[in-house]
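Take the points in order and find each piece as it comes up.

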Amino acid sequence: MKKVLSCLICALMVMGLVRVSVSASEGVAEGTQKAYVIGDDWGPAVSKTVIELDKTINSDSVNKDSFTVEESKEVYDWSDPRAGKTTVSEPAARTVLDAYTSDANGNQVSTDSNYVTIEMYVSPNEGSPFIYNLVTGFNTWCTPYNLYVSLNDGAVLMSGNETINALNVTASIDVAGDGKICPQGEVFNMKSYTTSDGTNYTYAEFIPAEDDKKNALVIWLHGAGEGGKDPYIDILGNEVTALAGEQFQGLFEGAYILTPQSPTMWMDDGTGAYQNGDKGSCYADSLFEMIDAYVKANDDIDPNRVIIGGCSNGGYMTMEMILKHPDYFAAAYPICEAYQDQYITDEQIEAIKDMPIWFTYAKNDGTVNPTLCSEATIERLLAAGAQNVHVSAFEDVHDTTGRFTDAEGNPYQYDGHWSWTYFDNNECYDENGVNAWQWLAKQTKAVDVDPDVIEPSVSDSDNSITTGDDVNFAGLGMLIMLTVAGAYVTKKRI
């Protein structure tokens, strides 16, 4: 009997503990969160937090005035800049713009949900999940990156008939890994390629929708801060995601985008030191090998429409690529390029003078002196008789969206080196009003035709002959030729 009583007492104690545990969770919602990352003029920004809770939240109980969000993250330790050390910032308030129930990807829904998304204000000085290290010269994801989410005093959420008056949401977010949602980046494939000399390139690729023609390939070469082994750093650091956007893709009627990532920096001469063109990049041969291999591996790419460009370090490498391979590329678009003109020979100028090139830079660039690089090379190309060189030269680099101003109400000033923002926003025009994106989309490498080879002629009215993804039977009705010997059908695959 004593044993029975002891068992009953133990059971009651356990039930009591369970009741205490259940009671403790009453009014509290537990959860985790993911950072919603967008690319903007200055780089990436966390514009939303998407919170997954253990309770279904009534849609009509969620509003922006209920929440406080504070950000704490890895930042550079400026007490000794040369040491390359980092520290963790004190929590700082983020401005809440909106809040609502959502799906797992942060899209607003009108129904009750286990997901609540909070939108936050972002700016050039607020919300970035990147940290730039002066010693390594790289941008990396902040580790840690924390968002502290809480309900304001007196604010509640409803889960059915239960009143939620407290949140217990894990603050730490793995933005470098699977803790982020990045729709702009998710349209890219993240891959790697190892060249014959053992150089391993990570890269992002965008593949256009399948169509009935061959498509251009547009190559982007990043700046120094975006080197490494994470293509997300590349495509978000300079808003390369714009090249996969509707406007750019529409002008090209679909274009492949390829963004090779340098393991160190494009201007590395092999010793890890910057060089200005006198020694050449240690990646020159392997990068070209990768580009050529990519073109040959994709039958849908038009080899006569391979276009190369990039900013700063990538602008340097753009120049090195076209100087070494003047007959390969259809066009180039170097931005704030760092290849000093003094190292370009007259023979090289002669070799590229007929190549379509669009130069972009800001006159107040404090990182790369345009008088030593772009301006000097442009002058020599024009003197050599270049007919298809275009220039977008800006006085400075500032916000053109109207979103950000200084204390006097003037447009926010970015670093003068950041002229790629104008290109990314499709704001580059030459002195005659020609638009850079529209111009690039029209560039095709001239094809030498062997006069001894007679190509079959095609009537202008026969628009059924196409190139690219599919096998096409050209003008079935028109190409059925009846002769005294019988009928035949001509089929051509291009």
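The points below go through strands, helices and salt bridges.

1. Before anything else, keep in mind that this is a predicted model. Start with the open sheet of eight strands, whose order is 15-16-18-17-19-20-21-22, with mixed pairing. Strand 15 (189–194) and strand 22 (389–394) are the edge strands; each has a single partner, so one side of each has no neighbour in the sheet. From one strand to the next, the twist averages 20°.

2. How do strand 21 and strand 22 pair, parallel or antiparallel? They go parallel, with six bridges between strand 21 (residues 357–362) and strand 22. To find the spot, look for Trp358, whose bridge partner in strand 22 is His390.

3. Next, the helices on the sheet. Helix 5 (residues 284–297) packs on it and touches several strands, among them strand 15, strand 16 (200–206) and strand 18 (255–261). The direction of helix 5 makes about 40° with that of strand 16. Helix 6 (residues 313–324) lies across strands including strand 19 and strand 20 (331–335), and it runs at about 140° to strand 19.

4. As a reminder, strands of a sheet pair through backbone hydrogen bonds.

5. On to charges: the whole structure has 14 salt bridges. One of them joins Glu71 and Arg94, at 3.0 Å from N to O. Glu71 sits in strand 3 (residues 67–76) and Arg94 in strand 5 (residues 92–94), 23 residues apart. Are these two buried or exposed? Both are buried. They also belong to a salt-bridge network with Lys73 and Glu126.

6. Compare that with Lys296 and Asp292, whose closest N and O atoms are 2.9 Å apart. Both are in helix 5, four residues apart, or about one turn of the helix. Lys296 is exposed at 62% relative accessible area, whereas Asp292 is buried at 18%.

7. Last, Glu395 and Lys363 form a salt bridge of 3.1 Å, N to O. Glu395 is in the loop between strand 22 and helix 9 (420–424), and Lys363 in the loop between strand 21 and helix 8 (374–383), so the pair ties together parts 32 residues apart in sequence. Glu395 is exposed, at 55%, and Lys363 is partly exposed, at 45%.

Technical notes
Residues numbered from 1 in each chain as written. Predicted model: local features only at pLDDT ≥ 70, side-chain atom pairs only at ≥ 80, totals over all residues. Heavy atoms only, no water. Pairing = 2+ DSSP bridges. Helix = DSSP H or I, 4+ residues; strand = E, 2+ residues; numbered from the N terminus. Axes fitted to C-alpha atoms, helices over the stretch in contact; angles between N-to-C directions. Contact = heavy atoms within 4.5 Å. Salt bridge = Lys/Arg side-chain N within 4 Å of Asp/Glu carboxyl O. Buried < 20%, exposed > 50% of the residue type's maximum accessible area, 1.4 Å probe, protein only.
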